[in-house]
Amino acid sequence: MPVAEPVRLPAPAPRTDAVPELADFWAAAGQGRLLLRRCDDCGDPIWYPRTFCPDCGSLRTSWAEASGRGHVYSYTVVHRSAVPGYRDVTPYVVAYVELEEGPRVLTNIVDCDPAAVRIGMEVGVVFHDTGAGTALYRFAPAAR
Amino acid sequence: MTIRGQALIAGAYEHPLRVIPDRSTSQVHAEVAAGALQDAGLEFSDVDGFFCDASAGFGPVSMAEFLGLRCTHVDSTETGGSSYLVHIGHAAEAIAAGRCEVALITMAGRPRSTALRRAEEYELTPDFVFESLWGLSGAVTGYALAAQRHMYEFGTTSAQLAEIKVAASQHAQHNPNAFLRKTVTVAEVLESPMISTPLHRDDCCVVTDGGGAVVVVAPEVARDLGRRSAQVLGQGEAVKHADNGRIDLTYTGAAYSGPRAFEEAGVTPADIDYASIYDSFTITVLETLEDLGFCAKGEGGRFVSDGALVAPHGRLPVNTDGGGLCNNHPAGRGGMTKVIEAVRQLRGEAHPAVQVRDCELALVHGTGGSIGSRMGSSTLILGREDA
């Protein structure tokens, strides 16, 4: 997976301490890999990641690597923000990206003019280093 | 066992202030409790059931101690701004089950006067871990995501959303306690600053300090009070969430709580004379009206146009106190004020300019949390005491 060029958005470190069972997810993101948890019993992807399947109740789940491709399900261009780090870089885009594998993932759209984002736009994952041993999965317009 | 007709709201009181820098939030709880009990003609010593949300300290454990209550039933169901509708349903259940006779439900908050940040009040959960990273600012970003998708799927327009704010302002001009009393036009709403596309500043509710309380009693208690009360006829609640990554932004939990409330009450949307619809944002109202069955999914924009929500002649008067969009949305939790205005309407005690004639049936709907992720939804159907 490509690593993004100099980024405008902050990359806050996630509270990984609150989800110790998901350490592999964040370590993989730091290496430029997007993992999806899958249920060993019913096969469904699980989002947000858990070591429990909310569809069938199984505790048998495993990691699989996602393709990193998807499309925009919805988005908003934030013009006014109170979030530290983000409030100085408006306008920025918050979006739900529907992964090829199905889940709709909350994230940012980057590397394009916010005014150019559209529902249905094809995107691919990029990773932004948090400086804390992990990276944030964001999405940029898919290369043509 | 049903709750239909088993309990009544005998006391209802909205704190008159909108900015409260000089007393603790616990004190505001006590003031609205006193106001509601006085309105009902009851004393603190009569209270044997207590309800509040989980936003202050250790919830009802802290508040029951502060208020000096001895209770046989306590509940702090926390579903965000819809909590109080849930509490009323639960109070009716408790009364019907003989677990208490006088249930006091209070809420209060002071976001204008305190520096509390919401995330610190709750233990961190995985949804927070995965969603706190992307610059969502307050509640508006999530609601904007929903509005954007609704526009994409159904062609809903910003001008249609603006009609909801316009209607609220038409009502608020008659409310001396309203935070915003000036009427606005669709053009003015669309000219207000863009916050997060497609929502403008005037698509968003006000931020106020304040509170409100109700007292729910058994029928035998209401009989002796000599005060017009409102019957609790039905209540439904639901948590709507992403369903394992399959989030659908175009509808809310009202699609689940509404039918349950209507079925319990034995009425339909066509029977409703007045509705208090949670209006954290204009899009909240629009999706909710569809989900409750006042119009088909996707038709909300058409439904709210041309003064449909304006009392007394609109086809469905909504939020005649001015709602969260113009009157009051204390601490980001607008459910209690929604209930209180419905009780006023059923008592014939709304402002004359907005009083619905012969108001027999009222619906109240609350949405706590975010229609952009997960929410607690509750629908309450109330009837005039003699209806």
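In what order do the nine strands of the open sheet in chain B run? Select chain B and find out: the order is β3-β2-β4-β7-β1-β8-β11-β10-β9, and the pairing is mixed. Helices (H or I, at least four residues) and strands (E, at least two) are DSSP runs, numbered from the N terminus. Two strands pair if DSSP finds at least two bridges between them.

Before you go on, note that this is a predicted model, in which local features need pLDDT of at least 70, side-chain atom pairs count only at pLDDT 80 or more, and totals for chains, interfaces and linings use all residues. Residues are numbered from 1 along each chain as its sequence is written, while chains are lettered from A and ligands numbered from 1 in the order in which they are written.

**Stop 1**

Colour β3 (73–75) and β9 (274–277) of chain B, the edge strands, each of which pairs on one side only. From one strand to the next, the twist averages 20 degrees. Angles here run from 0 to 180 degrees between N-to-C directions, and axes are lines fitted to C-alpha atoms, for helices over the stretch in contact.

Now select residues 8–14 and 210–217 of chain B: these are β1 and β7, antiparallel partners over six bridges. Ala12(B) has Val214(B) as its bridge partner in β7(B).

**Stop 2: a helix on the sheet**

Next, pick α10 (residues 282–292) of chain B, which packs on the sheet and touches β9, β10 (361–369) and β11 (375–384) of chain B. Two residues are in contact if their C-beta atoms, placed from the backbone, lie within 7 Å. The direction of α10 makes about 125 degrees with that of β10(B).

Within helix α10, click on Leu289(B). Is Leu289(B) buried or exposed? Leu289(B) counts as buried because it has 25 C-beta neighbours inside 10 Å. A residue is buried if 20 or more other C-beta atoms lie within 10 Å of its own, exposed if 12 or fewer, and partly exposed in between. Leaving out residues up to four places away in sequence, Leu289(B) touches Ile277(B), Phe294(B), Cys295(B), Gly300(B) and Phe303(B).

**Stop 3: an enclosed helix**

Move to α6 (residues 158–172) of chain B. Its 15 residues should span 21 Å at 1.5 Å a residue, and its end C-alpha atoms agree, being 21 Å apart. The expected span is 1.5 Å times one less than the number of residues. Because 12 of the 15 residues are buried, α6(B) is largely enclosed by the rest of the structure. Show α7 (186–191), α10 and α12 (323–327) of chain B to see part of what covers those buried residues.

**Stop 4: two packed helices**

Select α1 (residues 25–40) and α2 (residues 59–67) of chain B, which pack at an angle of about 60 degrees with their axes 10 Å apart. Ser26(B), His29(B), Ala30(B) and Ala33(B) of α1(B) meet Met63(B), Phe66(B) and Leu67(B) of α2(B).

**Stop 5**

Another cis bond joins Ala311(B) and Pro312(B). Then visit Asp243(B), where phi is near 55 degrees, a positive value in a residue other than glycine. With 11 C-beta neighbours inside 10 Å, Asp243(B) counts as exposed.

**Last stop: where the chains meet**

Finally, show both chains: the contact takes 35 residues from chain A and 28 residues from chain B. On the side of chain A that touches chain B, β4(A) gives the most, with five residues.
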